[in-house]
Structure formats: C-alpha cells, structure tokens
Amino acid sequence: MQRETLVALDRDHLIHPVVNYRAHERRGVAVLESGRGAYLTDNNGKELLDAFSGLWCVNVGYGHESIVRAAEEQMRRLPYATGYFHFGSEPAIRLAAKLVELAPPSLRKVYFTLGGSDAVDSAIRFIVHYYNALGKPEKKHFITIERGYHGSSAQGSGLTAIPVFHRNFDVPLPNQHKIPSPYPYRNPEGSDPEAIIRASVAALKEKVLEIGRDRVAAFFCEPVQGSGGVIVPPKGWLKAMQEACRELGILFAVDEVITGFGRTGPLFACEAEDVTPDVMTVAKGLTAGYAPMGAVLMSEAIYQGIAEGSGNDLPVGHGHTYSAHPVSAAVALEVLRLYHEGGLLENGIRQAPRFEQGLQALLDHPLVGDARSRGLLGALELVADKETKARFDPALKLADRIFDAAYRNGIIFRAFGDNVLGFAPALCYTGADFDLMFERVRHTLDMVLEMPGVRGALR
Ligand code: PLP
C-alpha cells in the first residue's frame, strides 16, 4: 500500500500507545517494514540502526529463521490450546518448567500472560487473593518507587509512578504508595552508593511503619528503572531492598519485564545479586518481541496459600483466553535456546564494556551531563548546566527534535521526557554496530546543539 494511504488510514483509525493524539495526527505514522539483525527498514526504504531493540524487547535482533520455524511448526500442529478446563499444550508446559529451572530458586510456579502489564496486574491479583486466602484481608497496600514503570493496566498503572500514566486515569488508588527513587545522578544523599542504599531502605521502612506492617502486602521494584529514565541503582541495592522486605514481613516483587533475558548481563538481573524474590514479572525478552507473552513467577508459599485457601471446589477466578498460548510458548523456547546455545547472552556480556565506554565517551559533549548503564541497558542525561544539573526548558521540545534528528541520521533510540536518551541495543550487536551507533548518536547530538535555542540555553 502507498505510504500516503497508510498515513491517512492510520490517522483516521489507529490509536497508538503513549503518544499525544493531536501531535500524532500532525506528524503521521512512521511505518516500519522489515528487519534484519540490528537493522530496520522503513517503507521509504530507509535503513535504521535499532538502538532500542524495538521497545527493549527484540533482544535477539530481527530475522531469526529458527524462531519463524518454531512458530510456523506450532501453528501448523496446533495454533491454540486453552488452559481452561484443565487443558494444556506441550510448549507451554515445557516453557514453565524451563523458566523455573532458569529463574531464582525461590520461584516455583508460572502463570503466563500476554505481556508485561497483565503480568503485573495478575501479580497484584494473586497477592490480594493470597492474603485473603491466608485470613489477612487487611494486607492490601502496595509500595513502589517514584519514576517506576509497571505497565498501564487498571491497577498496575497506579504502581507506575510516572505522572502521564496517572493524569485523568484516577490512579494511583488509595492503597498504592511511593518511596523516592534511588537515582544516583540526582539523589539528595549524593552519589555514595552506601548512602543511597541506606536512604532507600530507610524510606521503605518508614513508609511501611506509616501504613502499618500488617496492612502492607508487597513492595514492587525494577532492578533498573527503565521508562522512568534508565535509573541504575548502586550494586547491592536490590539485595538490601529484599532484606528490608523480609525484615518487615512484606512480599518482595521484582519486575524484570525490561531487565530480564540478558538485558543487564545475566539472564535475570536478580541473579547478579543473588536475589530471591517472592514474585517476579517478565515479558519482552521472553519472546524477544516475536510473539506476545509475559509471565508471573511466584514462590511455592504463595501458590500453596492460594490453593489451600480456595478449598477443593471453586476455581481461582483469574484467567486469559490466551494464557500460555502455544505459539508464543514455542517462540519463547527457541528464544531461550538462542540466548544460551546461540551465544547471545555471552555476546551481550562481552559487548557491555564497549557499550559503557561509548556512553561514557559522550560525557565530553556539551549537552551530556550523565552517562549510565548496566549490561546493554543505558542512558545519557542531557543538562543545560553540567554544574547545577539544570534541565532544559520543556518549551524547547528537545525530545521530539532529538528523535527526528536521530531518525534522519539512521538511528532509533528513545528520548524520555526532555532530558534522557535511552539505549537498549540487541544482544546480537557486533563491535561494528556499536561503532556505528555511537557515531550516529554523536552526530545527532551535534545536530541538536545547533538547532534554534539549544546552544543559547546552555549555561
Ligand atoms: N513492567 C515494566 C518494568 C515495563 O518496562 C513494562 C513495559 O515497558 C511493563 C511492565 C508493561 O509491559 P507491556 O508494555 O508489555 O504491557
């Protein structure tokens, strides 16, 4: 179909996630057509280096024939099997067992969803059910972190702590609470890792005591805050938060929707700190974006609590038609094979220092105030004043201008708000891909610097 026709049809009928609707109508859609390795081609034939793995999900890169074959074979054999009425399918059962084998040892049971938001929503529902079943119905309060993102479901959007996800949606709910983000670059405690960890632990304890220990169900966090601006807490932070939760008698739920599947180095970020959560949510890299799928993993204790509390007759009323979809499960099994036997996990770990050095090298650019990363998840924070860390005036609309300049330079990454550029290259990146990426990022920043109003805004 002609590009102009697609743009018109899109404008007339398709609602896009998380865009300003009027701005999208004005700009029109950018139609992506094909992908291979780390590269995309749009329907003008323009080649783009994808430095964001789609939406931090295509961790294996585009065009893996073995994944296509796995999906095709499963579709031909059995495209759908419900999990209702005690039915199931082989790939879903094998995948659940494989995830339990690979995940932190505290996690023994898996419920499959279609993505991350419904994984978080399912986790909330299971936790609520668990405490009701346990005879502790007052344990209904959830604590998360400012700038955290936990999806945009009806309840999960209230755990999310980014203002646009709340505006006009009547969340957070009264039982959803926040503590400050560890945010090393802008932490009032300074950048000392021990002080940052101590402050987070103290804030959690204070919040739990304020609400009442007996009323708090769980603390939810991301090992690295993604959509809040790729905020990398100090090493040891996750473990300290787990220990605080255990001490306080609340569940520790880790959202690995972005950080899972090699994004920060190991298969799960929890692994690096020997963290054993009570609940873990995953999605994105599970199928590397080749098919929709997410999951909630939970401890034996939570599962048994729900099972016992439900008695022998009534079903646990939580389900999705496409839970444990066999095609998505077959895709996930092949993607997991590629991470391990295909050497992708290893390549991600090998390339991480190059990624980190490339980001750090950009600190000499007049626009860049901070460079941070863990594994292949990273960000540059742009500031108008490197001394005071003052942000640019939002009226400059820097994010849109950077995104457009990057596209013209043949690279896609993400601009958060107006001051953070996020990067999540695929685990298949070669050294040459990184060289090209940083060349294009620097060129983009140079172009932005010369745009009207930008150089003059520097202090
Ligand atoms: N949790 C985290 C940490 C995420 O980053 C996201 C999405 O970016 C979600 C949950 C929601 O996942 P989805 O967009 O698949 O619904």
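The following legends describe close-up views of a predicted model.

**View 1. Helix α5 and its surroundings.** Helix α5 spans residues 90-102 and contains 13 residues. From its first C-alpha to its last, α5 reaches 18 Å, close to the 18 Å expected at 1.5 Å a residue. Pro91, Ala92, Leu95 and Leu99 of this helix are buried. These four lie on the same side of α5, because they cover an arc of only 95° around the axis. Ala97 and Glu101, on the other side of α5, are exposed. The packing partners of the buried residues are α4 (65-77), β4 (107-113), β10 (294-299) and α12 (326-340).

**View 2. The largest nonpolar core.** This core comprises 133 residues, and those with the most contacts inside it are Ile127, Phe219, Ala295 and Val335. Its largest share, 9 residues, comes from α12. Domain 1 (31-63 + 343-457) and domain 2 (66-340) each contribute at least three residues to the core. In general terms, nonpolar side chains tend to be buried together in soluble globular proteins.

**View 3. The contacts of Ala295.** Neighbours within four places in sequence are left aside in this view. Ala295 is then in contact with Leu99, Val110, Tyr111, Phe112, Thr113, Ala119, Val282 and Leu286.

**View 4. The contact between domain 1 and domain 2.** The domain assignment of the protein chain gives domain 1 as 31-63 + 343-457 and domain 2 as 66-340. Their C-alpha centres lie 27 Å apart. Across the contact, 27 residues of domain 1 meet 24 residues of domain 2. On the side of domain 1 that touches domain 2, at least two residues each are supplied by α3 (53-56), α13 (344-361), β11 (368-374), β12 (377-382) and β15 (420-423). The element that gives the most to this side is α13, with 5 residues. By residue class, this side of domain 1 divides into 15 nonpolar, 7 polar and 5 charged residues.

**View 5. Pro184 in its loop.** Pro184 is placed in the loop between β6 (176-179) and α8 (193-211). Not counting residues up to four places away in sequence, Pro184 touches Ser191, Ile196, Val232 and Pro234. Pro184 and Lys207 are 23 residues apart in sequence, and their C-alpha atoms are 21 Å apart in space.

**View 6. The cis peptide bond at Pro172.** The bond from Val171 to Pro172 is cis, with omega near 5°. Pro172 itself lies in the loop between α7 (156-159) and β6. Most peptide bonds are trans.

View 7. Most residues other than glycine have a negative phi. Val18, which is not a glycine, has a positive phi of about 45°. Val18 is found in the loop between α1 (3-13) and α2 (21-27), and it is exposed, with 10 other C-beta atoms within 10 Å. Phe85 likewise has a positive phi, near 55°. The loop that holds Phe85 runs between α4 and α5. Phe85 counts as exposed, with 6 C-beta neighbours inside 10 Å.

Notes:
Residues numbered from 1 in each chain as written. Predicted model: local features only at pLDDT ≥ 70, side-chain atom pairs only at ≥ 80, totals over all residues. Expected span 1.5 Å × (residues − 1). Buried ≥ 20, exposed ≤ 12 C-beta atoms within 10 Å, placed from the backbone. Arc of directions from axis to C-beta. Contact = placed C-beta atoms within 7 Å. Core = buried A, V, L, I, M, F, W, Y, C linked by C-beta atoms within 7 Å. Domains from an automatic or database assignment. Nonpolar A, V, L, I, M, F, W, Y, C, P; charged D, E, K, R; others polar.
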